[in-house]
Amino acid sequence: MPTSSLTLPIRRLTLADLPAALDLSADRSWSREEHKWRLLLSAGTGYGIDAPPDDPEGGLIGAFVLTSCPGYGCVGMVLVARRHERRGLGGRLMRHAIAEAGERVLFLYATDNGRPLYERLGFRAVGAVTTLRGAFVPGGPAEPGVRVRSAGAADLPGILALDLPVAGMDRTQLLTRLPAFADALAVAHDADGRLTGYGAAWPNPGTAVIGPLIAENPVTARALITFLGARATAPLRFDVDDRHPDLARWLRDRGLSGELRSTLMVRGAAALPGDISRRFAPYSVALG
């Protein structure tokens, strides 16, 4: 008698499961994002379900990653193998994520396919991002009053202090990994030397992803993107929040395009904390 996938145990994943996680991503026609998966399995906690003994393909048939900050948790990389879809595995994985989160507020970025499941589990939509990609074309005059430079280890305390009120949660354990994770990390200062923003660009298959990006105002955000874009060796990816339409238009004017949307959803709170007026790009849609 075939084994029911709903009775298989959910176990914690380690970096040794990276090849299986990449195979599961490819099974769903996602990119094999090895660099990002390494970060997720190091900074967060991965969970997975192995194929039953009577499944000749083997490997992981379901997975997700829970990345936690004090009081909050982000669920990312929710995946179910095609051959096991529509059997309740997605709901089982998400209920496990909710149980593991305990009293923490949970949030995630949902595809259109996943959104109905998350709504049934108590998540509500509070925003959305559009993914833009393309070869960045610099243009226009330099942004006035903004100085941007590459960041070093000595800048981390300032980055952490700037990030906390904007993100609304303590992301120290994620941000301290940025110097090793990112290809480029930049900070912005005003004429008086006061830190007014930071941003990073990190490698993904075929693109350089800009995120996180925190800035005092849109002028500073554009200056940081221009600095990072000029140094990128691949087309840019930028997940732009709907609440920054002017920035989306500016990015499209400089060569980026796209219509892929992801819905920001929250469970356990009316909205995410922080200051969206200064939060221009997530670390990643898998990390928030």
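**Cavity, strands and a buried serine**

A: Let's start inside: by class, 19 nonpolar, 3 polar and 5 charged residues make up the lining of the largest cavity. Here Ala, Val, Leu, Ile, Met, Phe, Trp, Tyr, Cys and Pro count as nonpolar, Asp, Glu, Lys and Arg as charged, and the others, Gly among them, as polar. Keep in mind that this is a predicted model, where local features need pLDDT of at least 70 and side-chain atom pairs count only at pLDDT 80 or more, while totals for chains, interfaces and linings use all residues. Residues are numbered from 1 along each chain as its sequence is written, and side-chain values use heavy atoms, leaving out hydrogens and water.

Q: How do I read a cavity, and what is the volume of the largest cavity?
A: Rolling a probe the size of a water molecule over the atoms shows where empty space is left. A cavity is a set of points on a 1 Å grid over the protein atoms alone where a 1.4 Å probe fits but cannot get out, and lining residues have an atom within 4 Å of a point. Points are joined across faces, edges and corners, and the volume is the space filled by probe spheres set on them. The largest cavity has a volume of about 260 Å³. Of its 27 lining residues, Y109, R171, L272, R279 and G288 lie nearest its centre.

Q: Which strands does β10 pair with?
A: Strands are DSSP runs (E, at least two residues) and helices are too (H or I, at least four), numbered from the N terminus; two strands pair if DSSP finds at least two bridges between them. β10 (residues 207–215) pairs with β9 (residues 195–204) in the antiparallel sense over 7 bridges, and P203 stands opposite A208. With β11 (residues 236–241), β10 pairs in the parallel sense over 3 bridges, and there A208 has L236 as its bridge partner. β10 also pairs with β13 (residues 279–281), antiparallel over 2 bridges, where I214 is partnered by R279.

Q: Is β10 mostly covered or mostly uncovered?
A: Buried means under 20% relative accessible area, exposed over 50%, and partly exposed in between (1.4 Å probe, protein chains only). β10 is mostly covered, with 9 of its 9 residues buried.

Q: Why does S25 count as buried?
A: S25 counts as buried because its relative accessibility is 0%. S25 sits in helix α1 (residues 18–27). Contact means heavy atoms within 4.5 Å; leaving aside neighbours within four places in sequence, S25 is in contact with W30, S31, W37, M77 and L79.

Notes
1 Å grid on protein atoms, 1.4 Å probe; cavity = no way out; pocket = protein on both sides within 12 Å on 5 of 7 lines; lining within 4 Å.
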